[in-house]
Amino acid sequence: MLFEVKDLHTQFSTEEGVVRAVDGISFSVDRGEVLGIVGESGSGKSVTSLSILKLIPDPPGRITGGQILLETEAGKTEDLVRASEARMEQIRGDRIAMIFQDPMTSLNPYLRIGAQLAEVLVLHKRMRRAEARARSIALLKEVGIPAATSRIDDYPHQLSGGMRQRVMIAMALLCDPDLLIADEPTTALDVTIQAQILDLIQERREAQGVAVILITHDLGVVARMADRVAVMYAGRIVEEASAEAIFHAPRHPYTIGLKRSVPRLDVARGQRLSPIPGMPPSLARVPPGCPFHPRCEHVMAVCREKVPETREVSREASAGEPGEGKSAAGDAAAGATKATRRALHVVRCHLGDPALDTYHGHPTSPAPEAQQVDQPGGGAS
Amino acid sequence: MIRFVLKRLLSILPTLLIVATVAFVMMRFVPGGPFDQERAVPAEVERALRAKYHLDDPLAKQYGDWLWALVSRGDLGPAFKYPNRTVNEIIALSLPISMQLGVLAMIFALLVGVPLGIVGAVRQNTWKDTAAMATAMVGVSIPRFVLAPLMILIFSLTLFWFPVARWETWRHMVLPVVCAGLPMAAYLARLTRGGMLEVIRSDFVRTARAKGLSERRVILRHALRGGMLPVVSYLGPGFSHLLVGSLVVEKIFNIPGMGRYFVEAAMNRDYNLVLGVMLVYGVLLMVFNALVDVAYAFIDPRVELG
């Protein structure tokens, strides 16, 4: 496995108390794979991405537990949580690169883009300026910047938003990173540009075999890009499965709600969207039990008291051992081969849990079905 | 760029004319004149003096003559209280000294204030930040006429490190320069800290960190330019504060700079000298502001000169 996060905790000390922005999440990505992380604003997606690069401002933030494992050479892994700042500086921009949300503000307005690109190569690859410039121009061409040879001497404000995001992507790919973290890479762009940028990321993934963690609140983006999807809520991953399973057989009521909130073209005119009622909780005051219970339409008594465990709900591939059914997501993912992992579907919900789901009856009770999503008046309050 | 600078410098002229006119008129409306003193001059002597300096001509003619002399010959006229010297001579002697003091004080302010502000921002909410900002607070709050005697008392009269007054060797310059520059240094520290704090939180600085740059390079290469913008825009007005401050400093340290003449001339109703010194100050200030505009465009490529 190229990259693996195990039981990561990131906390912020604020005046309101300790904010558990990332509260024990685990996931992994392999070369050439795209992991989508979705969730509403404030669910901890961006803190996750900043935690991976250890760019959490400290104070007030701090990684308080877990492991961030990066494969260094074949077979060897390194725990970034315990890596020194000097070591992190070697990794950032070289092994793990990042694309940020807003290309309008993420490039330095005071420096020519050529200087901002070349410094990465000078730093990590010890290139001479001329060499770094040539490589920068080559990469600008690869990401589709017309007249790259002259554009490289532009300042960011002379480029359009889409062009700037292309520059950001070029900057991230300069050193052939193993892992690319794209934090809402298309949110600030208009729709036609969005598609181009996503195509570009997809293309680079195929060309360079880079692993991608795609963080977004846009299910459409995830549907288009991701192999696997992790759904975050209140700093936790509440459901993780292949993109297909997330879209066609979501298990967690939150995932179902998210899906239902997306406008669709194939639904009759005049029908209202049914967004999830309420707001995500303040991470300083996460409700006891399952953090989603105040907004959940299937809430049971146990949800208010007990935090649900992560459990596996289905396994379409054959490779799994039968006894492994209830293992935590991290362990299961760690032991699984790529093929089984692809099929792994875990959810963190009492609903449908044979041991706890008294309300919905028998163990194999199907979770709210995907079709239900399309039914008129589908039960939203 | 060159066109902008020329345009900007040319635009100084009309402003200068307005300054000259207003100053001329106001000076003449101030009660008293150059030759009425407590020890009365004999009437015929005063008459002769007034005639010599054309002070009995109609005001408009005096103004016209003065302006013509200035424009055609660059002649600012005679100084009434220094019978052997013209205003031009006085300025030629005192301006370089004032400039030395001003430039040294500004360099001192930049060298002290900017690093202090950077430390404050980078180590925000630590004891270093608190110490830097407390020092700056004191520096901003203490007026120069308090600071100067205190420094003389400590560093000249107790420790004997520096001379008490005059402007001769570098040892003479230390106390006046520090005294003139310290309030500005303090203000610059606060401005730098504020500007840097804003930039440090910005997205592009996060990008720079994500590229793997060391904290030092992030600050110096990526954050500093943006963080310096408020400082640069303050340098214009800051320069005028410095000039005003140097009036006090020159007086206290007995430095034969222009500031001293300015104050004395105003007291003595030495019309020509006041006008001359004021015009020089005006030119300095406006040229400096023009330079600041150019510097601004150099730092921030988004600023269009035009």
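These questions and answers walk through parts of a predicted model.

Trainee: Is helix H11 (residues 253-260) of chain A largely enclosed or open, and why?
Mentor: Look at its residues one by one. Pro253(A), Tyr254(A), Thr255(A), Ile256(A), Gly257(A), Leu258(A) and Arg260(A) are buried. That is seven of the eight residues, so the rest of the structure leaves H11 of chain A largely enclosed.

Trainee: What covers the buried residues of H11(A)?
Mentor: Both helices and strands of chain A take part. The cover includes helix H9 (219-225) and helix H10 (243-248). It also includes strand S3 (34-38), strand S9 (228-233) and strand S10 (236-242).

Trainee: How far apart are the end C-alpha atoms of residues 273-299 of chain B?
Mentor: The unreviewed UniProt entry annotates this span of chain B as a "transmembrane region". In the model the span is 100% helix and 0% strand. Its end C-alpha atoms are separated by 39 Å.

Trainee: How are H5(B) and H6(B) set to each other: parallel, antiparallel, perpendicular or oblique?
Mentor: Start with the axes, which come within 8 Å and cross at roughly 140 degrees. Roughly antiparallel needs an angle over 145 degrees. The two helices, H5(B) and H6(B), are therefore oblique.

Trainee: Which residues of H5(B) meet H6(B)?
Mentor: On the H6(B) side, the partners are Lys128(B), Asp129(B), Ala132(B), Met133(B) and Ala136(B). By class, the contact has five nonpolar, one polar and two charged residues. From H5(B) come Leu116(B), Val119(B) and Gly120(B).

Notes
Residues are numbered from 1 along each chain as its sequence is written. Chains are lettered from A and ligands numbered from 1 in the order in which they are written. This is a predicted model: local features need pLDDT of at least 70, side-chain atom pairs count only at pLDDT 80 or more; totals for chains, interfaces and linings use all residues. A residue is buried if 20 or more other C-beta atoms lie within 10 Å of its own, exposed if 12 or fewer, and partly exposed in between; C-beta atoms are placed from the backbone. Helices (H or I, at least four residues) and strands (E, at least two) are DSSP runs, numbered from the N terminus. Two residues are in contact if their C-beta atoms, placed from the backbone, lie within 7 Å. UniProt positions are given in the numbering used here, feature names are shortened, and annotations may be inferred rather than shown by experiment. Axes are lines fitted to C-alpha atoms, for helices over the stretch in contact, and angles run from 0 to 180 degrees between N-to-C directions. Angles under 35 degrees count as roughly parallel, over 145 as roughly antiparallel, 65 to 115 as roughly perpendicular and the rest as oblique. Ala, Val, Leu, Ile, Met, Phe, Trp, Tyr, Cys and Pro count as nonpolar, Asp, Glu, Lys and Arg as charged, and the others, Gly among them, as polar.
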